[in-house]
Number of protein chains: 2
Amino acid sequence: VPRPKPLPPIVGLMLGDCTGIGPEQCARVLADKRLADAARLVVVGDARVLMQGARDAAVPKLAWRTYAEPTDIDWDSEEVPLIDLGNMDPAEAIRGTACPNAGRTAGETLERMAELARAGALDAITHAPLSLAALRAGGWRCADEHELLARLSRHDGAFTPMTLVDNLWVAHATPVMALQAALAQLSRERIDAALVAADWTLRAAGVETPRIGICALNPRVADAFAGREETELIAAAIAIARARDIRCGGPLPADEVFFRASAGELDCVLCMYHDQSLHLVPQAPRSREVSFTAGLEVVATAPAHGPGFDLVGKGIATTRSLEQAVRLAARLATARKQVAPGMFVPS
Amino acid sequence: VPRPKPLPPIVGLMLGDCTGIGPEQCARVLADKRLADAARLVVVGDARVLMQGARDAAVPKLAWRTYAEPTDIDWDSEEVPLIDLGNMDPAEAIRGTACPNAGRTAGETLERMAELARAGALDAITHAPLSLAALRAGGWRCADEHELLARLSRHDGAFTPMTLVDNLWVAHATPVMALQAALAQLSRERIDAALVAADWTLRAAGVETPRIGICALNPRVADAFAGREETELIAAAIAIARARDIRCGGPLPADEVFFRASAGELDCVLCMYHDQSLHLVPQAPRSREVSFTAGLEVVATAPAHGPGFDLVGKGIATTRSLEQAVRLAARLATARKQVAPGMFVPS
């Protein structure tokens, strides 16, 4: 008797900022069930926002059924399951702009989803693009979505912001913050945690033996300016990581490590501070970027692009990043379930 | 009566590291006099190194005449003028490698040329590619060629390393050094000096009203992490520069400023620290980069590429960067002569 195929993980889909392209992106991928092989999607948000997205995406017949809790969902139903929070009337926000009430309810929705994930009712969360300006105007103080997700999932320690662009991963040893502050936070422990998180994430995402290249902090480290950061922090973290069977090398100057990565010699680049990864930007088509906050108990992914205020309602927003984000969330959630409890957060 | 065309400036040509591609590059551009419209070139170095370069470049008939001083040169002669220092027998260095004696004599040659330039016997200096490893092994302690040139030309204060890649200039407010040290050195005065130097350099190089974009130090300065460096140092320097009629704007995140530059909206990008300009590298063909140390009394340019140890003696080294370097040196030297004495070093 063949074993029944395991059901795909339950991924909570957050519609993003309701004044941006998120609702129409979500409606589009829900309408034709193109992600059904990867995830059981449940929308958490407001039915009126989803309805507006369906109109914008020209899928007005999108059918959904509301449930109070994910555990109530009838997964055999053809209708899209929705946890209707009833917290956002899209008529009360101006489309294509950052609105305080849209930002406030976006944060509240994410907060509810993080609780559901922590309680095990969701295996992972994917959120459509948010507006940082709206979140902040709505009272959610945060440097970026990574920090917000860490807070909402009640995570205390360090976390590792990661981005996937095509097949290249980029991880950061420090979150986005002022450069002096990032230098002050950089430690052997943070680099070590980021290496473990990156290695776990890539393996979980299907890269068999991830090859990680590590950026130096200082310029021209091969011949001149290797400092304490390279000789003590990075070199020590590499030694520890190798003892853990993590395949990594460096520290290399940022231009060299990204050159090697673009030549296919690396699967992941670990940057010491936020702006080092900007080297990646000029080559990256914005429609293929996925963002992931590694090191949290909650699996949370998102398209790395913004809410596309200039594209809203035109029906031209692409969904590739969002689809990649859902597929990644599902893979990572599945991988988490396969390891022993207590082991599932490498941080 | 038409005014006689002014003679082009006298540019001292240094052959670069004698174990690298410099000598053959120099021999090639000297043999067909392709730079005669721009500069009166005088080689300062060892005749035996020039002879080896001529053989490698397959221009064995290259003729030269030695002089004791540049003032002795008969510029009507067809022969290439050479100040023969007799300080380096190429047979005593291993080609394609960094040799201490080659580095030692390279530094000595540059030192002599800087003296000649300070004495007014040379209007400018262009050096073919050097090996930093050889220079250091030969006893010349320096972070890079910019710092060496500053020291050899007895310059005490700040200077502004600049690079020209195709039509885009990049200037640096701090020289290459450990990141923490660069942050400690960053000041309103340095940014101001770099803006003045960059504006002067671009005007002298023929850009009518240079448009300079300034990198922020901190990430995401538009919405989050603008710090004291942006609000006090950079903004204050911009205000001063604008009062001087320098067309500049910022601070902008590094990715945005390089994106705008590559779209043709900027002529120059001012970076706060060395690695910010690495954003430029992936797009830049290495054969078109020129390096200039702004802020010195001595005009000194060079190809920004290395000594090409893997290419030595194959006769395949291109000369485009070297030619651009000589043409730039000549333009800058001419521009210097046109301003009042005491005004010629914007620093």
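**Entry 1: a strand in chain B**

How many of the 5 residues of strand β4 (residues 80–84) of chain B are buried? I keep in mind that this is a predicted model. I get 4 of the 5, so β4(B) is largely enclosed by the rest of the structure.

Next I looked up what pairs with β4(B). Strand β2 (residues 40–45) of chain B runs parallel to β4(B), and 3 bridges join the two. Strand β3 (residues 64–67) of chain B also pairs with β4(B) in the parallel sense, over 4 bridges. I then picked out Ile83(B): this residue of β4(B) is the bridge partner of Val44(B), and Ile83(B) is also the bridge partner of Tyr67(B).

**Entry 2: the whole sheet of chain B**

I wanted to see where those strands sit. I find 12 strands of chain B in an open sheet with mixed pairing, in the order β3-β4-β2-β1-β5-β12-β11-β6-β7-β10-β8-β9. Which strands are at the edges? They are β3 and β9 (247–252) of chain B, each pairing on one side only. Neighbouring strands in this sheet are turned by 25° against each other on average, if I ignore direction.

One antiparallel pair I checked is strand β6 (residues 160–165) of chain B with strand β7 (residues 168–172) of chain B, which has 4 bridges. There, Leu164(B) has Trp169(B) of β7(B) as its bridge partner.

Helix α9 (residues 254–262) of chain B packs on this sheet and touches β7, β8 (211–215), β9 and β10 (268–271) of chain B. The direction of α9(B) makes about 160° with that of β8(B). I also noted α10(B), which lies across β1 (10–14), β2, β5 (124–127), β7, β11 (289–294) and β12 (300–303) of chain B. Against β12(B), α10(B) runs at about 165°.

**Entry 3: helix α2 of chain B**

I moved on to α2(B) and asked how much of this helix is buried. I get 7 of its 10 residues, so α2(B) is largely enclosed by the rest of the structure. The buried ones are Ala47(B), Val49(B), Leu50(B), Gln52(B), Gly53(B), Ala54(B) and Asp56(B). Their cover includes α1, β2, β3 and β4 of chain B, so my strand from the first entry turns up again among what covers α2(B).

At the N-terminal end, Asp46(B) caps α2(B), with a side-chain oxygen 2.7 Å from the backbone nitrogen of Arg48(B). Just after α2(B), I see Ala58(B) with a positive phi of about 60°.

**Entry 4: two helix pairs in chain B**

How do α1(B) and α2(B) pack? Helix α1 (residues 22–31) of chain B and helix α2 (residues 47–56) of chain B meet at an angle of about 75°, with their axes 7 Å apart. The two are therefore roughly perpendicular to each other. On the α1(B) side I list Pro23(B), Glu24(B), Ala27(B) and Leu30(B), and on the α2(B) side Val49(B), Leu50(B), Gly53(B), Ala54(B) and Asp56(B). By class, that contact has 6 nonpolar, 1 polar and 2 charged residues.

Trp200(B), Thr201(B) and Ala204(B) of α7(B) touch Arg331(B), Leu332(B), Ala335(B) and Arg336(B) of α10(B). I sort these contact residues into 4 nonpolar, 1 polar and 2 charged.

**Entry 5: over to chain A**

I turned to strand β8 (residues 211–215) of chain A, which runs parallel to β9(A) and is joined to it by 4 bridges. Gly213(A) has Gly249(A) of β9(A) as its bridge partner. Helix α8 (residues 228–243) of chain A packs on the sheet here, touching β8 and β9 of chain A, and its direction makes about 170° with that of β9(A).

My last stop is Thr163(A), which is in strand β6 (residues 160–165) of chain A. Is Thr163(A) buried or exposed? I find Thr163(A) buried, with a relative accessible area of 16%. Leaving aside neighbours within four places in sequence, its contacts are Leu168(A), Trp169(A), Val170(A), Glu289(A), Val290(A), Ser291(A) and Ala304(A).

Definitions and conventions. Residues are numbered from 1 along each chain as its sequence is written. Chains are lettered from A and ligands numbered from 1 in the order in which they are written. This is a predicted model: local features need pLDDT of at least 70, side-chain atom pairs count only at pLDDT 80 or more; totals for chains, interfaces and linings use all residues. Side-chain values use heavy atoms; hydrogens and water are left out. Axes are lines fitted to C-alpha atoms, for helices over the stretch in contact, and angles run from 0 to 180 degrees between N-to-C directions. Angles under 35 degrees count as roughly parallel, over 145 as roughly antiparallel, 65 to 115 as roughly perpendicular and the rest as oblique. Contact means heavy atoms within 4.5 Å. Ala, Val, Leu, Ile, Met, Phe, Trp, Tyr, Cys and Pro count as nonpolar, Asp, Glu, Lys and Arg as charged, and the others, Gly among them, as polar. Two strands pair if DSSP finds at least two bridges between them. Buried means under 20% relative accessible area, exposed over 50%, partly exposed in between (1.4 Å probe, protein chains only). A polar contact is a pair of N or O atoms within 3.5 Å; within protein, one must be able to donate a hydrogen and the other to accept it, and residues adjacent in sequence count only if both atoms are side-chain atoms.
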